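User: I'd like to go through this model with you and check what stands behind the terms. Could you show it first?

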Amino acid sequence: MTADTKAIPGGGRDARLAQLIISIFGLCARAEGNWLATASVVALMADLGIDHQAVRSSISRLKRRGVLVSARQGRTVGYRLAESTLAVLVEGDVRIFERARASEADGWVMVVFSVPESERDKRHALRSSLTRLGYGTAAPGVWVAPGNLAEQTRRTLERQELSGYVDMFTGRHYAFADLRAKIPQWWDLTELTGLYADFLQRYRPVLHRMTAARPTPSDAFATYVPMLTEWRRLPYRDPGLPLSLLPPAWNGEAAGTLFDQLNEILNPLAHKHALAVIHGQRRS
């Protein structure tokens with residue numbers, strides 16, 4: 001079984017390959033002393049149907065971007081995750097696997113920022129970071145998210161050296177509009193509902209297939225890594241808004257349950273296959 005990278009939404013082929021590689025490093029490297037041999041990454045990506053030249057080119061781009069750092073172990077060429085990438089993955093684990101949902105009692109966190117025109121790159125970085133954290137736009141220059149994201153926001157902006165441009169406030173919505181009417185204006189719930197619907201449509205049959213017949217480790221790996229790669233962007237698009245403020249029968253809950261079921265079945269087997277490949281490469 002191989003993965004079709006064209007089936008993974010979000011960006012072009014180069015971006016999809018990079019996402020798959022980051023998923024492999026997140027799945028395997030941290031358990032291996034934060035290091036993987038280049039040959040191991042190439043072999044694991046081959047199990048997803050990706051040729052070695054494309055993989056090596058993508059690894060080089062990730063190195064240039066500072067996502068990966070080249071590192072040898074003895075005579076073996078390999079890469080480790082940059083410290084900043086490790087920090088993102090640690091925070092991402094909580095966002096992806098725990099998905100804490102806010103309640104109205106959590107209140108809200110509001111971010112406002114001012115960036116000089118001469119530092120437009122910082123403005124872009126701030127907007128990108130807030131979008132990834134799940135913030136919605138309440139007004140020009142005013143970003144809002146559930147209050148339980150306040151601490152993660154503070155850590156992220158400090159790590160990215162963006163905190164000097166930002167003021168953060170926490171509190172409650174006092175007046176005057178109905179929040180249920182405002183939420184669809186601040187967040188694109190239609191797009192998010194569609195992304196969840198796509199995930200459900202794609203992976204419900206996979207769950208049925210995987211529960212009907214236990215997959216082999218290699219099949220589990222070939223299914224799990226693309227599934228995880230597709231899923232891990234969704235919790236960042238969804239800030240975990242209180243269910244009381246979302247449309248009835250919000251499909252994000254069903255999609256989260258489906259991911260949890262697939263993760264429980266596939267993760268251990270995918271890990272087993274990956275470690276067999278990694279250790280086999282080291283012995284060869």
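Analyst: Happy to! Asn34 sits in the loop between helix H1 (13-28) and strand E1 (36-37); helices (H or I, at least four residues) and strands (E, at least two) are DSSP runs, numbered from the N terminus. This is a predicted model, where local features need pLDDT of at least 70, side-chain atom pairs count only at pLDDT 80 or more, and totals for chains, interfaces and linings use all residues. Residues are numbered from 1 along each chain as its sequence is written, and side-chain values use heavy atoms, with hydrogens and water left out.

User: Why is Asn34 called buried?

Analyst: Buried means under 20% relative accessible area, exposed over 50%, partly exposed in between (1.4 Å probe, protein chains only). Asn34 has 13% relative accessibility, so Asn34 counts as buried.

User: What does Asn34 touch?

Analyst: Leaving out residues up to four places away in sequence, Asn34 touches Ala29, Tyr79, Arg80, Leu81 and Leu86, where contact means heavy atoms within 4.5 Å. A polar atom of the Asn34 side chain lies 3.0 Å from the backbone nitrogen of Leu81.

User: What makes E5 and E7 edge strands?

Analyst: The open sheet of 4 strands is ordered E5-E6-E4-E7, with antiparallel pairing. Strand E5 (136-139) and strand E7 (166-171) each have a single partner strand, so one side of each lacks a neighbour in the sheet.

User: How do you know that E4 and E6 pair?

Analyst: Two strands pair if DSSP finds at least two bridges between them. Strand E4 (residues 108-113) and strand E6 (residues 142-146) run antiparallel and are joined by 5 bridges. Trp108 has Pro146 in E6 as its bridge partner.

Notes:
A polar contact is a pair of N or O atoms within 3.5 Å; within protein, one must be able to donate a hydrogen and the other to accept it, and residues adjacent in sequence count only if both atoms are side-chain atoms.
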